Every structure is written in structure tokens, then in C-alpha cells.
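Subject: Structure handover

Hello,

Here is the structure I promised to pass on. Please open it next to this email and follow along.

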Amino acid sequence: MMPSSVLLVPLQLCCLIVMMVSMPTCKLPGNVIQPTHALLEDMGDAFPAQCRQFNGKIQFPAPPFSGGPATHPQCHWTSLVVYESLRGAELIFLQYELPKGEGGVTWDEQKLEQFRNLQDRLVQDHLCVSIRTRSSSGLLSPYFNNVTAVVEQTDSAVCGWESLRRDLLKVLKVALHRHHSCFNWTRAH
Ligand SMILES: *[C@@H]1O[C@H](CO)[C@@H](O)[C@H](O)[C@H]1NC(C)=O
Ligand SMILES: *[C@@H]1O[C@H](CO)[C@@H](O)[C@H](O)[C@H]1NC(C)=O
């Protein structure tokens, strides 16, 4: 009889190969992205008119999902833009206090918290989306640098946060509508 450790080696090798083969299909879970979008939408009102003055300063590379390098197949590019948008937003949430109370943002606390939990989970569990692409973290950095600059200033902070919410909403909405099949719709058991 073969000792079990001898069997273990080919077993590990096989799994490594399976992992490598399945990596290019690393997808974001549609069943998590969808409620993330819904919570973000429901937690606040429409974009405030007085924040339009920052539209020149905060411009999400538009239209989203176009202009990817030719080497990126469409779904790969879509996943990357969605992932990097969530991650960039996450970093701002971690670094800055949301202005609350008088003159602050008026987002629903509970929905915001649920949204943040889903966002954390997506960013932490799907690093594979980003890892496969070199230089992907630089993709949206000019945008996030500008958002950060607006969020940092006390008198414009609310508009920075509102712009971030508006742009993230749009990214998720466009991705879900136009690139539905790029997500993984298999439910976890
Ligand atoms: C960043 O801000 C500069 C200066 O206001 C602006 O010219 C540029 O278009 C902005 N870029 C993005 C990606 O928002
Ligand atoms: C899709 O989701 C299911 C359930 O979470 C998971 O088992 C599977 O590995 C995922 N597939 C891809 C390609 O990410």
C-alpha cells in the first residue's frame, strides 16, 4: 500500500494546476454586486445640485468600461474597473471621516453600514480580479486623487463624498446592465 504522503504530492500538483487554469475566469459575484448597488442607491437622495460645481474637478474616466487596452478582453476589463472603483472608495472610507450631523451627508446609517460590509467583502475576497493585471491600481488613481482632495477640505467634503457615491453607483449600474454575463451568478452553498 502506498503511504498517504506519496499520494498527497500529485494531489497538490493537480489542484495547483486546476487553480491556475481557473484563475483567468476569476469573476466578481453578481449576487453581491447587485445588493451593493441597491444599498448605495437607497441610502441617500439624488446628487445635490450645489455639488455640481465640482464636476470639472471630479471626473470619472468616461464612459466607464471603454478605452481599455486592447489586450484586455471586455469582461476582464469590466471586472477590473468595478474592482478598482470599489477598492478606491474603500480606501477613502478607511482614511476619512464621513461628515455627519448639521451640514453633513444625510445617508441612512444602517444602509451605509450594510453597504460597507459588502464592499469590504468584495475587496478582500476578490483580489484575484486585480492581481492578474499589472499596473491596474494606477487605472483610476487620478480620479481618486481628485476625490480625496475634495473630501479633505472641510467646506467641500460633503460634495466629495456625494460625487464618490454618484460615480460608484454609475459604475455598478452600467456594469450590471451592460455586462451582466461578466459576473458570477452561481450562488455559494
Ligand atoms: C483632476 O483635477 C484636475 C484639476 O482640477 C482636472 O483638470 C482633471 O480633469 C481631474 N481629473 C480627474 C480624473 O478627475
Ligand atoms: C462562482 O461562485 C461560486 C459560488 O460562490 C464559486 O464556487 C465559483 O468558484 C465561482 N466561479 C468563479 C469563476 O469565480
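At roughly what angle do the axes of helix 6 and helix 7 cross, and within what distance do they come? They cross at roughly 145° and come within 7 Å. Keep in mind that this is a predicted model.

**Helix 6 and helix 7**

Look at the residues that meet here. Helix 6 brings Tyr 143, Phe 144, Val 147, Val 150 and Val 151. Helix 7 answers with Ala 157, Cys 159, Gly 160, Trp 161, Ser 163, Leu 164 and Asp 167. By class, this contact holds nine nonpolar residues, two polar and one charged.

**Helix 3 and helix 6**

Helix 6 (residues 141-152) also packs with helix 3 (residues 74-95). The angle is about 25°, and the axes lie 11 Å apart. Helix 3 is therefore roughly parallel to helix 6, since angles under 35 degrees count that way. The crossing of helix 3 past helix 6 is right-handed. On the helix 3 side, the contact uses Glu 84, Ser 85, Gly 88, Ala 89 and Ile 92. On the helix 6 side, Phe 144, Val 147, Thr 148 and Val 151 take part. The contact counts five nonpolar, three polar and one charged residues. Phe 144, Val 147 and Val 151 of helix 6 touch helix 3, and these residues also meet helix 7.

**Helix 3 and helix 4**

Helix 3 packs with helix 4 at an angle of about 125°, with 10 Å between the axes. That angle makes helix 3 oblique to helix 4. This crossing is left-handed. Helix 3 supplies Tyr 83, Leu 86, Arg 87, Ala 89, Glu 90, Phe 93 and Leu 94. Helix 4 supplies Leu 112, Phe 115, Arg 116, Gln 119, Asp 120, Leu 122 and Val 123. Nine of the contact residues are nonpolar, one is polar and four are charged. Ala 89 belongs to this contact and also to the contact of helix 3 with helix 6.

**The cavity**

How many cavities of 30 Å³ or more are there? The count is one. The largest cavity has a volume of about 50 Å³. Its lining consists of Leu 40, Met 43, Phe 93, Trp 107, Phe 115, Trp 161, Leu 164, Arg 165 and Leu 168. Helix 7 (residues 157-178) gives the largest share of that lining, four residues. Eight lining residues are nonpolar, none is polar and one is charged. Trp 161 and Leu 164 line the cavity, and both take part in the contact of helix 7 with helix 6.

**The second largest pocket**

This pocket holds about 170 Å³ of space. Around it sit Phe 93, Tyr 96, Glu 97, Leu 98, Lys 100, Glu 109, Leu 112, Glu 113, Arg 116 and Trp 161. Which helix gives the largest share of this lining? Helix 4 (residues 109-125) does, with four residues. The lining divides into five nonpolar and five charged residues, with no polar ones. Phe 93 and Trp 161 line this pocket, and they line the largest cavity too.

Best wishes

Note on methods:
Residues are numbered from 1 along each chain as its sequence is written. Chains are lettered from A and ligands numbered from 1 in the order in which they are written. This is a predicted model: local features need pLDDT of at least 70, side-chain atom pairs count only at pLDDT 80 or more; totals for chains, interfaces and linings use all residues. Side-chain values use heavy atoms; hydrogens and water are left out. On a 1 Å grid over the protein atoms alone, a cavity is a set of points where a 1.4 Å probe fits but cannot get out, and a pocket is an open set with protein on both sides within 12 Å along at least five of seven lines; lining residues have an atom within 4 Å of a point. Grid points are joined across faces, edges and corners, and a volume is the space filled by probe spheres set on the points. Helices (H or I, at least four residues) and strands (E, at least two) are DSSP runs, numbered from the N terminus. Ala, Val, Leu, Ile, Met, Phe, Trp, Tyr, Cys and Pro count as nonpolar, Asp, Glu, Lys and Arg as charged, and the others, Gly among them, as polar. Axes are lines fitted to C-alpha atoms, for helices over the stretch in contact, and angles run from 0 to 180 degrees between N-to-C directions. Angles under 35 degrees count as roughly parallel, over 145 as roughly antiparallel, 65 to 115 as roughly perpendicular and the rest as oblique. A crossing is left-handed if the near helix is turned anticlockwise from the far one by less than a right angle, and right-handed if clockwise. Contact means heavy atoms within 4.5 Å.
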